[in-house]
Amino acid sequence: MALLVRLLGARRTIEIGVFTGYSALTVALALPEDGHLLACDINDEYTRIGRPYWEAAGVAHKIELQLAPARVTLDARLAAGNAGQYDFAFIDADKTGYDAYYERCLALLRPGGLIAFDNVLWGGSVARPAKDADTAALHALNAKLHLDQRIDMALVPIGDGLTLARKR
Ligand SMILES: C[S@@+](CC[C@H](N)C(=O)[O-])C[C@H]1O[C@@H](n2cnc3c(N)ncnc32)[C@H](O)[C@@H]1O
């Protein structure tokens with residue numbers, strides 16, 4: 001992730017799903033001193049664990065944590081006129097929300113910007129008929145992204161599956 005951020009020369013980034021702050025820390029360390037990460041989560045208990053480590057690493061000033069449903073935070077940024085202003089987004093929250101996060105992040109990204117989606121293989125369950133809402137959502141998103149002419153994409157089979165989508 002840090003390598004991707006550096007390859008892009010990213011300055012303005014988004015994370016959806018912070019948890020205890022590990023991926024946010026990784027991205028923030030790779031950003032330039034004036035870089036910015038809009039970190040979206042709904043859980044204060046989890047994110048509170050990460051904040052001291054952001055401070056200790058000297059990157060807390062780059063991270064803006066917004067504790068609200070990510071759709072609300074992203075819609076507010078779009079309403080504020082921030083479309084096309086971000087370089088990179090990492091989507092790693094509730095799976096049934098991925099498509100909504102994708103559409104909003106695509107609007108917020110500049111052409112050439114990159115979206116990374118975690119868990120797109122979902123333990124391999126996306127290859128079988130979906131028995132739950134999370135698997136169905138990921139299956140539908142994978143099919144949608146494969147044909148989406150607004151992006152260039154690759155599903156990278158590392159970890160639990162990471163889709164990289166570059167905005168055209
Ligand atoms: C898999 S964890 C994120 C892990 C983190 N990206 C990392 O790699 O260190 C998913 C997070 O998504 C958050 N989440 C769930 N629903 C959300 C929503 N509607 N809006 C924002 N965050 C949400 C959860 O609170 C949880 O902290």
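**Cysteines and a helix pair**

Guide: Gladly! This is a predicted model, and we can begin with Cys 40, which has a relative accessible area of 1% and is buried.

Visitor: Why is Cys 40 called buried?

Guide: The label needs a value under 20%, and Cys 40 has 1%, so it qualifies. Cys 105 counts as buried too, because its relative accessibility is 0%.

Visitor: How do you know whether the sulfur of Cys 40 is bonded or too far from the closest cysteine sulfur?

Guide: A disulfide needs two cysteine sulfur atoms within 2.5 Å. The closest cysteine sulfur to that of Cys 40 belongs to Cys 105 and lies 7.7 Å away, so the two are too far apart for a bond. Cys 105 is in no disulfide either, and the structure holds 0 of them.

Visitor: What makes the length of helix 6 agree with its number of residues?

Guide: Helix 6 has 15 residues, which should span 21 Å at 1.5 Å a residue; the end C-alpha atoms are 22 Å apart, so the two values agree.

Visitor: Which residues of helix 6 are buried, and how do you know what side they are on?

Guide: They are Thr 135, Leu 138, Leu 141, Asn 142 and Leu 145. Their arc around the axis is only 130°, so they sit on the same side of helix 6. Their cover includes helix 5 and strands 5, 6 and 7.

Visitor: How do helix 5 and helix 6 cross?

Guide: Their axes come within 9 Å and cross at roughly 35°. Among the residues that meet are Tyr 98 and Tyr 102 of helix 5, and Leu 138 and Leu 141 of helix 6. The contact has 5 nonpolar, no polar and 3 charged residues.

Terms used: Residues are numbered from 1 along each chain as its sequence is written. This is a predicted model: local features need pLDDT of at least 70, side-chain atom pairs count only at pLDDT 80 or more; totals for chains, interfaces and linings use all residues. Side-chain values use heavy atoms; hydrogens and water are left out. Buried means under 20% relative accessible area, exposed over 50%, partly exposed in between (1.4 Å probe, protein chains only). Axes are lines fitted to C-alpha atoms, for helices over the stretch in contact, and angles run from 0 to 180 degrees between N-to-C directions. Helices (H or I, at least four residues) and strands (E, at least two) are DSSP runs, numbered from the N terminus. Contact means heavy atoms within 4.5 Å. Ala, Val, Leu, Ile, Met, Phe, Trp, Tyr, Cys and Pro count as nonpolar, Asp, Glu, Lys and Arg as charged, and the others, Gly among them, as polar. The expected span of a helix is 1.5 Å times one less than its number of residues. The arc is that of the directions from the helix axis to the C-beta atoms.
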